[in-house]
Amino acid sequence: IEADRFYTSQWNDLWGFVIENAGSVFDGNDGVNVMFVSPTWKADKPNGIKRVVRGDSDFLGTLTRTQLIEPDDLPNVKKIQGHYKLQPLSAFLGKPAPPAAPVIEWKPWKEGVEKTEEFWSYANFLLQFTMPNPEDAPVQRRAEKIGIAAGKKWDSAALDPDIRKAIEAGMKDALDELEKATTTFDDPSLFFRTREDLHKDYFNRALGTLVGIFGNWKSISVYFAIPKDDQGELFDGSKHSYALRFAKNEIPPVKFFWSWTMYKLPERWLVDNPIDRYSIGSATPGLKTADDGSITIYFSAKSPGKDKESNWLPAPDGPFWLVLRTYG
């Protein structure tokens, strides 16, 4: 990959922690072989592998990002993506494949179930694919007393009625507290999704997952979530238009690039808009810098005017929040 293009292959485990970032920052752009293994894997590192990575779960997920330099650059990005290779170790070594893993009968997901007591049946199902971290052992032992345990069938009807009511009340309290906190926090470290960053801070582990699951390592990128304007009011495109100015000495000092992204509330989805722009930043073609070196970005539901559209990120006609991403 060209030396001036940023990429990272970020990997996460089922606890929501980021465990790896193969790519520009740690490996340069000349290519690298990284091996992902189960928490219980034991063997010597094979030849040709730079490092072996394991999380605390059998299943891992990836967010692999390749920088788009400008809209016309999309064919180059697709070509690069076509060269990324994900393969079993046996294929990498040119050896016969081992026996297939047992087939898993996955639980069908039901939208909204995360706010009901049925959530715990999903939690128990997924816990069987995780390795209990010693740091979490005390809280997991406590959870086992009310039936929350790896692979155990969740049967709320078998619980003492008072316990069942307490669990229901506890879930409501927790969800209310988390939802309230989504509009009041100003700490970007919530997005640093490593065990070393968060340890046993279970509230902020949950909050960081809710507002920005799989936020990356700070050595790769730092995210700043901005839920309110300078008057302390939540952003709302139906009520106001907004302008944000970086003085010359306030422009994010990044090695790669910075960008603003906007999310419609309450879904936290990207915002459909007439100019098909979903983020704006240092890599945006045509972004204008003022004569004094400052940059002003406009967030509004309606165009700020043709002369300012180069620096416009369209907002919904309703509530939204902003995230500033800084890479490198």
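Of the 328 residues of the protein chain, 40% count as buried, where buried means under 20% relative accessible area, exposed over 50%, and partly exposed in between, computed with a 1.4 Å probe and protein chains only. This is a predicted model, in which local features need pLDDT of at least 70 and side-chain atom pairs count only at pLDDT 80 or more, whereas totals for chains, interfaces and linings use all residues. Residues are numbered from 1 along each chain as its sequence is written, and side-chain values use heavy atoms, with hydrogens and water left out.

The protein chain has a mean pLDDT of 92, and 98% of its residues reach 70 or more; pLDDT is the predictor's confidence in each residue, from 0 to 100. Eight helices and 12 strands are found in the protein chain, helices (H or I, at least four residues) and strands (E, at least two) being DSSP runs numbered from the N terminus. Among these elements, the lowest mean pLDDT, 84, belongs to helix α7 (residues 195-198), and the highest, 98, to strand β10 (residues 295-300). The C-alpha trace of the protein chain spans about 65 × 55 × 30 Å along its principal axes.

An open sheet of three strands has the order β2-β1-β5 and antiparallel pairing, two strands being paired if DSSP finds at least two bridges between them. Because β2 (18-23) and β5 (60-66) stand at the edges with a single partner strand each, one side of each is left without a neighbour in the sheet. From one strand to the next the twist averages 15 degrees, with axes taken as lines fitted to C-alpha atoms (for helices over the stretch in contact) and angles running from 0 to 180 degrees between N-to-C directions. Strand β1 (residues 7-13) pairs with β2 in the antiparallel sense over five bridges, and Trp11 stands opposite Glu20 in β2.

Phe59 is found in the loop between β4 (51-54) and β5, and is partly exposed, with a relative accessible area of 32%. Together with Leu14, Trp106 and Leu126, Phe59 forms a nonpolar patch on the surface, with about 360 Å² of accessible area together. Patches are made of residues with over 30% relative accessible area and no salt bridge, like charges being joined within 9 Å and nonpolar side chains (Val, Leu, Ile, Met, Phe, Trp, Tyr) within 5 Å. A salt bridge is a side-chain nitrogen of Lys or Arg within 4 Å of a carboxyl oxygen of Asp or Glu.

A further open sheet has three strands in the order β7-β10-β11, with mixed pairing. Its edge strands are β7 (242-246) and β11 (312-314), each of which pairs on one side only. On average, neighbouring strands of this sheet are turned by 20 degrees against each other, direction ignored. Strands β7 and β10 run antiparallel and are joined by five bridges, with Leu244 opposite Ile297 in β10.

The loop between β8 (257-264) and β9 (279-281) holds Pro266, and the peptide bond from Leu265 to Pro266 is cis, with omega near 10 degrees.

Asp276 counts as exposed, at 57% relative accessibility.

How values were computed
Areas by Shrake-Rupley, 256 points an atom, 1.4 Å probe, with all protein chains shown as cover.
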